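Me: I am new to this structure and would like a close look at one part of it, the surroundings of the ligand. Please describe that part, and then go on to the pockets.

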Amino acid sequence: MTFNIVCMSGDGIGPEIIAEAKRVLNKVAEKYGHSITYKNILIGGASIDVYGEPLTDEAIEIAKTSDAVLLGSIGGNAAISPWYRIAPELRPEAGLLKLRKSLNLFANLRSAYLYEELQEACPLRENVISDGFDMVIVRELTGGLYFGERSTKEMNGMITATDTLSYNEKEIRRIAVKGFETAMKRKKKVTSVDKVNVLDSSRLWRKVVEEVAMDYPEVTLEHMIVDNCAMQLIKNPKQFDVILTENMFGDILSDEASMITGSIGMLPSASLNDTKFGVYEPSGGSAPDIAGKGIANPIATILSAAMMLRYSFGLEKESKAVEAAVKQILKEGYRTVDIMPQDKSRCRFLKQVGTEDMGRSITEYI
Ligand code: NAD
């Protein structure tokens with residue numbers, strides 16, 4: 001099969017980690033008889049430097065004609081970067097929001113999986129994680145508080161800022177369907193997270209999720225209030241299979257979940273619409289503190305490429321081959337610096353490698 005991938009490397013460590021994901025995809029194509037073409041497009045600060053805006057309309061049109069987008073990361077250090085001394089709608093992050101909105105990417109899937117080999121990097125106690133955990137957070141991505149009307153005005157002599165959290169039935173139904181469909185491919189459990197005791201939008205959320213659940217009798221549905229979910233992720237993460245939630249709750253909970261896997265450099269994500277198209281990217285940002293040093297962990301981006309093979313191209317065997325190669329190199333002791341244990345006595349049997357060597361080692365196992 002032939003696939004057209006748009007690569008948006010972006011800023012900071014973006015180009016370094018995308019190069020390794022491409023290396024892996026090229027090996028998959030060679031081994032399994034596929035053909036991949038790439039088109040490079042600027043996003044974030046890299047696009048601001050050239051076009052004065054973080055994502056051009058032309059870039060979006062090119063992305064729309066592709067089969068999938070492989071995205072690195074955008075942004076810089078806000079304290080020193082000139083990208084943050086311009087209007088907010090022209091800053092790097094605005095490019096990401098424009099991409100999500102223009103391509104109608106309403107569903108974000110982010111997995112949090114604890115590799116047996118990385119248990120020592122998890123900050124939770126051994127008795128909590130001895131059986132590991134494996135969950136996917138299905139987050140609504142184009143509605144809610146981040147896209148509602150907002151204003152800052154003076155009212156009665158007081159500056160007042162307002163953000164609006166609004167969801168309609170259609171927006172909730174389509175993300176709920178993604179949540180249940182994801183659960184059907186896994187352990188068939190959905191935990192829907194809301195704040196039903198306070199918010200009207202959560203009451204509608206719960207009603208619609210229950211309606212959608214009727215179409216998936218094999219899936220167990222439970223509801224959880226967001227503050228309790230934040231605690232349960234620390235107390236007993238293995239209870240979760242699919243966490244289904246709205247935009248802001250998902251933003252916060254998915255970062256919490258990423259921390260308990262040990263490093264944000266391990267976590268892939270997919271942003272999907274209601275076609276096979278998707279944008280695949282690591283969960284972390286552009287990591288300006290380590291950009292250019294050749295030490296960034298490319299695994300999240302490589303696993304994002306594996307998600308692309310599965311969700312956009314329907315290549316389950318190839319996707320599993322990439323995931324198996326990652327597991328194998330971890331087993332063999334290869335580690336980037338972010339996943340090296342703090343306890344130096346445990347490092348003796350491990351091999352610390354940089355971004356490129358990690359990418360090459362994974363590629364060799366495919
Ligand atoms: P970050 O995720 O870039 O970095 C947080 C910490 O994690 C840093 O110590 C960094 O070195 C480390 N880290 C991240 N990815 C890593 C990897 N692959 N390997 C090893 N270590 C890794 O978050 P931040 O520092 O808060 O943000 C930096 C910039 O990234 C900001 O401009 C922010 O807006 C942007 N950002 C972009 C995205 C995105 O592109 N989707 C997401 C989050 C943040």
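Reply:

**The ligand and the pockets**

A backbone N or O atom of N297 lies 2.9 Å from a nitrogen atom of the ligand. On its own the ligand exposes 810 Å², and the protein buries 67% of that. The model is a predicted one.

Y84 places a polar side-chain atom 3.0 Å from an oxygen atom of the ligand.

Next come the pockets, which are computed over the protein atoms alone. The largest pocket has a volume of about 730 Å³. Its lining is made up of 23 residues, and those nearest the centre of the pocket are S111, D134, R186, R310 and E323. By class, the lining of the largest pocket has 12 nonpolar, 2 polar and 9 charged residues.

The second largest pocket has a volume of about 560 Å³. It is lined by 25 residues, with L96, R100, R139, D251 and S283 nearest its centre. Here the elements that contribute two or more residues are strand 3 (68-73), helix 4 (92-102), strand 4, helix 9 (247-259) and strand 12 (278-282). Among these, helix 4 gives the most to the lining, with 4 residues. The lining of the second largest pocket divides into 7 nonpolar, 10 polar and 8 charged residues.

Charged side chains also pair with each other in this model. The count of salt bridges comes to 20. One of them joins the side chains of E61 and K64, with an N to O distance of 3.6 Å. Both E61 and K64 belong to helix 3 (residues 57-64), where they sit 3 residues apart, about one turn of the helix. The pair E61 and K64 counts as a salt bridge because a side-chain nitrogen of Lys or Arg has to be within 4 Å of a carboxyl oxygen of Asp or Glu, and the distance here is 3.6 Å.

Definitions and conventions:
Residues numbered from 1 in each chain as written. Predicted model: local features only at pLDDT ≥ 70, side-chain atom pairs only at ≥ 80, totals over all residues. Heavy atoms only, no water. 1 Å grid on protein atoms, 1.4 Å probe; cavity = no way out; pocket = protein on both sides within 12 Å on 5 of 7 lines; lining within 4 Å. Points joined across faces, edges and corners; volume = space filled by probe spheres on them. Nonpolar A, V, L, I, M, F, W, Y, C, P; charged D, E, K, R; others polar. Polar contact = N/O pair within 3.5 Å; in protein donor to acceptor, adjacent residues only side chain to side chain. Areas by Shrake-Rupley, 256 points an atom, 1.4 Å probe, with all protein chains shown as cover.
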